[in-house]
Amino acid sequence: MASNYSNEFPVWALLPKRETNVTSFLNKYPEYDGRGITIAIFDSGVDPGAKGLQKTSDGKQKIVEMMDGSGAGDVDTSNVVEAENGFITGLTGNKLKVPSDWKNPTGKYHLGVKNAYELYPKILKERIIKDRKEAFWDADHKYQLAEASRALHEFNSQHTSQLTVEEKFKKEELETQIEILNTLEKKYCDLGPTYDCVVFHDGKCWRAVIDTSEEGDLENCDLLGSFSETYEFARLTEMDLLNYCVNIYDDGNLLEIVSTSSAHGTHVASIAAAYFFDNPEMNGVAPGAQIVSIAIGDRRLSTMETGTALTRALIKVINRKCDVINISYGEHSHWCGGRLMELVHQAVDKHGIIMVSSAGNHGPALSTVGTPPTCPTNSVIGVGAYVSPDMMLAEYSLREKIPSLGYTWTSRGPGSNGHLSVSVCAPGGAITSVPSWTLRGSQLMNGTSMSSPHVAGCVCLLLSGLQVQNILYSPYSIRRAIENTALKISNWDAFSMGHGLVQVDKAFENLVTYSNIIEAFVRFNITCNGQSGIYLRDSCKTKSPSSLNISIEPVFLGDSTADPENKINFNIHLTLVCDAPWVFVPSNLCLMYCTRSFNIRIDPSGLPVGEHFTWIKGYDCSEVEKEPVFHFPITVIVSRKLCEDPWSWNVPSCSLFPGKVNREFIEVPVGATVANVHLTSCDSKNNGCIVLHAIQIRPQMFCKAQEFYKVVRLSPKQEMTCVFPVREKIVLEVAFAQWWTCIDPVNISYSISFRGLKPDSPEIVMHGADGIHRVDVTSTLTYEDMYPSASLKSYTMTLRPNECKISPLKSRDIIPPGRQVYEAVLNYACNVGRSTEITPSFSLLSELLYESEFESQLWMLFDSNKQLIALGDAYPSKYAVKVEKGDYVLKLQIRHDDVSLLEKMSEMPMLISAKMQSSITLDVYDKHSLALIGGKKMSSQIIPPGCTVPIFLAPIPNDKYPKNCSPGYYLQGTITFSKDDAIKKADTYSFKYIVPELPKKSSSKQVDKEKTLEEEYQEEMKQLKINWITKFVGTSSQELLDEMIEIEKDTKWPLLSARLQSLDKESDKSPFKKENLESVIEMADKILSSINQTELLAALGSKNEKKDSANFKKLEVQKNCVIDALVCKGKAMIDLVTLQPGYAESSKEGSTETSPVETSVGDSVTVPPEFSIPYESIDAIMTELQKWTEMNDAKISALIERHSLIHSHFGRALKLLLKQQDDRRNKDNELKIIQIFKRLGWDHCATFYERSHLVKYPLSYPLF
């Protein structure tokens, strides 16, 4: 045993608070623990039953409001009914017993349904599917499979000689049952149960209940009121352990079921404000604060936040007057601004709510901070992630401590607008509470998602203390105090840590000491060329000094509503300071309530290669000690320009330490398309875990648009090469970092080189009607081996909406003080010709969320039965979906408060990209003449530096296009130019091929040129009348037949066939009318006798008949006529057998006079002697049909189904119905399948199908 062990575990470091002096602050001010402060958690939802989230430190309710802003938990309860004899019929069809103690003065009940799996987080859903299969399926299914196998074995042992027709059917039945059971096991797909939901008003408040019993036992289900009124929540089932609550809107017509979409939100809330009365070390930062939980992560989109959810969340916090918002969510934006950012600006700058946000986990490269911290008004406190030595031991179990540092992955500034975007940093890991459904009480999570609620909790402490001392504050005074008092640790880095590590005690002291400062309610809108900071990254801007004007404007909280006297009296004398010797600023500025400007000079010409950062600080001359009034960031990137040949940069030795980032900035040479990074371990003993992050920043493009990220594990002396695409003339940052948990330093060498073949266009677009397409390819830097390859892998169809409906939304969607939000719902019809993977995209708004000028977009894809197949939002590449052949409906929702903007969207197209069954490779030539005649294709060529070579792409042959391809579609794929495999994978170019109008297929109908116009007229009239014989029923059809029979002297079977179809329709409508059935049999016999079947079979089998000949097609028509006659006759015979209901069920075997049979599943009927038809006659028809067609032919499926049921061969009937469902799902067939399951005794299958019935066949389209 080790002698230096300790029996004291550092519990305080599991949810670290000492690093930010929270512990000492609360020891000094125990009542300033967040009491009286409400913090809104914008996240994936908070579990109201989680440990530490029940009460505040002063005994109040901890979670005071819960809401799901995404809409994932919404239930349409606009269906209103009244109880009859104490029962309600739910929308599932179940009888729901109304408990006697319910009070409902109106007697009105609002009904809805909800699929349980729509409430589950992904991880929980996977667990429940597994548990339900074990509990409700596996044992029963294995038993039924064993029984079916035993029955087949017994049959085979008893029947060793030649089988009779009946015995063959019996054997086929047993084999089919085994086949079906095995297929059901393979295709097992649990869609979950569907619950009835009931909403009513008890005279005081709205109430809701979910029938989780699935049997209508409402008395034993939880009756809940809206959470904000009752604080009630319940557990959905004991199997899932999912806690939920409800909200009820729109006079009971909308039920919102609030659960969690992941464990993330509960963990975040616990860091901010958990309270453990018996274990204070595990408390969150502000145990006295109350929580408003708003789920912005949409379960339907894998917890992705949506514009709808964010808007509703901001509406809620404004209306509820929350003090603080924490949002540990975010995406990268292409630019600063957008409608959602305007709403954030309104919440902070008008209503005084303090917003704290995670910076993101996309480091270590610079300019990787996400939105919202890049808000254009700089109103959001962006937080980076920091790890302390105690955290390393307690949370991560490192073998030894190392100095505090920023996590490798924490995002770095500056933002695209020049602002640093990271205000401060805080501990970025914690072990604390998670939801009950995870089956664990606590969990380690790390990320800026964890550092953000730490700072939000610190803000709660500050506000709590300021309120007790009656000190007024604003989001601006709080932010300035936090930033000005932050601790710059030994490894401080402005890009990842902002102003430093939060120190709550010093921030509070600063706020108290300078409580009456003139700028307490003022933010300073400081810009340079419209940007919130100066960010010089392009080499053209850093070669020589530049003179820049900076404007500064004081803006009061609330602006237009602020006291005019405060604006008049605002006057501050500023001293301007910058520590960097390469920045020259004026010394003084007198600022009043107007925009002032001053000029600065930046001279980066003498700076070494690398990143350089500084602030211009503005101090109040009268109180310099209160720290700067504002900071204006300046970032300069000095890049390396490579010399000609070999176009590379080599570093022979570089030591990488945990937490340190080595950055190279290189201006990519003209003509370069790929970079090659070669890493070599120079270490003889230490392994390296090295993050390689390369990034180029393009205007109005997010950082992911041009980046490469890879974690490289290097053993001692090992080498590794990475190749990735680059853009010429743009500065490339290549960041090398040892992963922070690898405490041993590693020594490496590396080289960065450039090469590439550059086409004359970054995207190749070819129109099929243009003929030969030319592309000029240039090698600028080195000798390149060129071997072009162009392939197309998907096609894109363009859909126009067939309907657009614009309507106002309800109470959740009214932005204070009264801006009504509207929705436009566009409907698109889509047909998919085969099973494939499709990706819907509303390209006008794709890849835009926070920066979009529209509030949100969301699409839903439904099959022909209204079953929801998939959803997607602004990022189409995330939502590829596999679909079967069939018709689909796509609904798109766009939201905005300006109806005129929505009206402009009413005819916007939707793009559906579908994978092709096999890719199409285009022929590539090095000469136009060879491309024209389809000559020798291009082989590889060596291209010297500075040379341009043309290549020629030949159009796609007409027979290579995907089926159903139409003009307006386009094919998509890639084109590569290099022969080198590594470069080929990295350096790919988008290739779009526009489909031209394709040649029309020649008509198979041959025109007899010898016919006169009169003869053609007579033939067309004859065919028209035959069609109407089929359409008419009753005497009208018979009279038209009689008329045609008199005229037609020779071939009468087409007329008789048409009449048979009419009679068959009549018999289907009245299946138990004896006269109809006898007429069908009689007509079928006439048809069969009018066709020489022996000669027909011989002719069809003759090799002399070509399948595309006119005579062969006539023979096929006759064949189909025979099949139809046999099918109709067989159906009618079976229906005759089943005319008289009421006989007791018994076996048919041994009787040809009175035989019990089953016509529709579950109905047993018997044939009286006067209608007796021998079963052998029916079986003979089935045998005869086998001469003419396969038994899987869809035309005979109705007969096979009836024949199977009449013999009680449920397996054969079931196989047929299941195949029909595979081809095209049908609600009536599904009900038949359920009944057959019950007849077979496969109750587990019947229950399984019944539970998922409303998921497959919903009553209506779901809500957005």
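Biologist: What is the volume of the second largest pocket, and what makes a set of points a pocket rather than a cavity?

Modeller: The second largest pocket has a volume of about 1500 Å³, where a volume is the space filled by probe spheres set on grid points that are joined across faces, edges and corners. On a 1 Å grid over the protein atoms alone, a pocket is an open set with protein on both sides within 12 Å along at least five of seven lines, whereas a cavity is a set of points where a 1.4 Å probe fits but cannot get out. Please keep in mind that this is a predicted model, in which local features need pLDDT of at least 70 and side-chain atom pairs count only at pLDDT 80 or more, while totals for chains, interfaces and linings use all residues. Residues are numbered from 1 along each chain as its sequence is written, and side-chain values use heavy atoms, with hydrogens and water left out.

Biologist: How many residues line the second largest pocket, and which of them lie nearest its centre?

Modeller: The lining holds 44 residues, and R698, A705, R727, E763 and S990 are the ones nearest the centre of this pocket; a residue belongs to the lining if it has an atom within 4 Å of a point. The elements that contribute two or more residues are β42 (757-759), β45 (784-799), β50 (836-841), β55 (910-921), β59 (970-978) and β60 (989-994). These names come from DSSP runs numbered from the N terminus, with helices (H or I) of at least four residues and strands (E) of at least two.

Biologist: How is the lining of this pocket divided between nonpolar, polar and charged residues?

Modeller: The lining has 17 nonpolar, 16 polar and 11 charged residues, where Ala, Val, Leu, Ile, Met, Phe, Trp, Tyr, Cys and Pro count as nonpolar, Asp, Glu, Lys and Arg as charged, and the others, Gly among them, as polar.

Biologist: Where does UniProt place the active site, and what makes its residues gather at one spot?

Modeller: An unreviewed UniProt entry places the feature "active site" at D43, H264 and S449. These residues span 407 residues in sequence, yet no two of their C-alpha atoms are more than 9.7 Å apart, so they gather at one spot. The positions follow the numbering used here, feature names are shortened, and such annotations may be inferred rather than shown by experiment.

Biologist: Why is H264 called buried?

Modeller: Buried means under 20% relative accessible area, exposed means over 50%, and partly exposed is in between, with a 1.4 Å probe and protein chains only. H264 has a relative accessible area of 19%, so H264 counts as buried, and D43, at 0%, is buried too. D43 belongs to strand β1 (residues 38-43), while H264 is in helix α5 (residues 264-273).

Biologist: What makes the pair of D43 and H264 a polar contact?

Modeller: A polar contact is a pair of N or O atoms within 3.5 Å; within protein, one must be able to donate a hydrogen and the other to accept it, and residues adjacent in sequence count only if both atoms are side-chain atoms. The side chains of D43 and H264 make such a contact at 2.6 Å, so the pair is within the limit. Leaving aside neighbours within four places in sequence, H264 also touches residues including S44, Y329 and S449, where contact means heavy atoms within 4.5 Å.

Biologist: Is S357 buried or exposed, and where does S357 lie?

Modeller: S357 is buried, with a relative accessible area of 0%, and lies in strand β18 (residues 354-358). A polar atom of the side chain of S357 is 3.4 Å from the backbone oxygen of I327.

Biologist: Which value is found for phi of S397, and why is S397 called exposed?

Modeller: Phi of S397 is near 55°, a positive value in a residue other than glycine. Most residues other than glycine have a negative phi, and most peptide bonds are trans. S397 sits in the loop between α8 (389-394) and β20 (405-406), and its relative accessibility is 59%, so S397 counts as exposed. E214 has a positive phi as well, near 60°, but E214 is partly exposed at 22%.

Biologist: Which form does the peptide bond from G363 to P364 take?

Modeller: That bond is cis, with omega near 15°, and P364 is in the loop between β18 and β19. The bond from P816 to P817 is cis as well, with omega near 5°.
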